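Good morning, and thank you for making time for this item.

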Amino acid sequence: NTLNPNENGPGAPCSILTNSASTLTLDASDTIEAAYLYWAGSGTGDFDISLNGTAIAASRRFALTQPSSGLPFFSAFANITSQVQTTGNGLYTFADLDLTGVIPNYCGNGTNFGGWAIIVIYKNDALPLNQLNVYDGLESVPSVLNITLDNLNVIDNEDAKIGFLAWEGDRSIAVNETLRINGNI
């Protein structure tokens, strides 16, 4: 979910929320195996937040400086498996990420942002056999970005799926984006 109340970009209003909520909906036959909380934003970082009123501190931190602007960005990770297993389906409110003092420096080039995501890994015996890998980090996207993933075995091109979390996906900064696996789009 995003903390941006509107799409950012040149000329857009420069504001950010300190909390937002989203609903998790899994099937009754899905068993939660793991749940990971990621959050990110403009600046050097805020690593103590809350989820449904429970204080959470980042157990891993990621940082980068955008080469063309020299501005810093951050991302954070926390394992929230037990909280999501206990809460299950329902509304999750992410709060206490305050970037209001940081984002004015980012508004001119449209890189003011804050967001969060829960990556849920679940088991369902009715589903076909799957390989699941989670890779994480924080990278700036230049004109070309190549990421090599090891131990990835794609055996069925028709039913293979990949998902990824991208923090900056605004229309105004879209470039010729493609995902290729072994050279195939």
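I will begin with the basis of the model, continue with its sheets, and end with loops and surface.

Please note that this is a predicted model, in which local features need pLDDT of at least 70, side-chain atom pairs count only at pLDDT 80 or more, and totals for chains, interfaces and linings use all residues. Residues are numbered from 1 along each chain as its sequence is written, and side-chain values use heavy atoms, with hydrogens and water left out.

Let me turn to the sheets.

Leu51 has Phe94 in β7 as its bridge partner. On the β4 side, four bridges join the antiparallel strands β3 and β4, and Asp48 stands opposite Ala57 in β4.

Another open sheet, also of four strands, has the order β5-β6-β2-β8 with antiparallel pairing. Here β5 and β8 are the edge strands, each pairing on one side only. The twist averages 15 degrees from one strand to the next. Strand β2 (residues 31–42) pairs with β6 in the antiparallel sense over seven bridges, and Ala40 stands opposite Ser75 in β6.

Which residue takes a positive phi in the hairpin of β3 and β4? It is Asn52, with a phi near 55 degrees, in a hairpin that has two residues between the strands. Asn52 is not a glycine, and its place is in the loop between β3 (48–51) and β4 (54–57). Its relative accessible area is 32%, so Asn52 is partly exposed; that class lies between buried, under 20% relative accessible area, and exposed, over 50%, with a 1.4 Å probe and protein chains only.

Asp96 likewise is not a glycine but has a positive phi, of about 75 degrees. This residue lies in the loop between β7 (90–95) and β8 (114–123). Asp96 is partly exposed because its relative accessible area is 46%.

Ser69 is found in the loop between β5 (60–65) and β6 (72–79). With 32% relative accessibility, Ser69 counts as partly exposed. Its side chain reaches the backbone nitrogen of Leu71 at 3.1 Å. Ser69 and Tyr106 are 37 residues apart in sequence, yet their C-alpha atoms are 9.3 Å apart in space.

Finally, the segment after β8 is the place of Ile181. At 30% relative accessibility, Ile181 counts as partly exposed.

That concludes my presentation, and I thank you for your attention.

Notes. Pairing = 2+ DSSP bridges. Polar contact = N/O pair within 3.5 Å; in protein donor to acceptor, adjacent residues only side chain to side chain. Axes fitted to C-alpha atoms, helices over the stretch in contact; angles between N-to-C directions.
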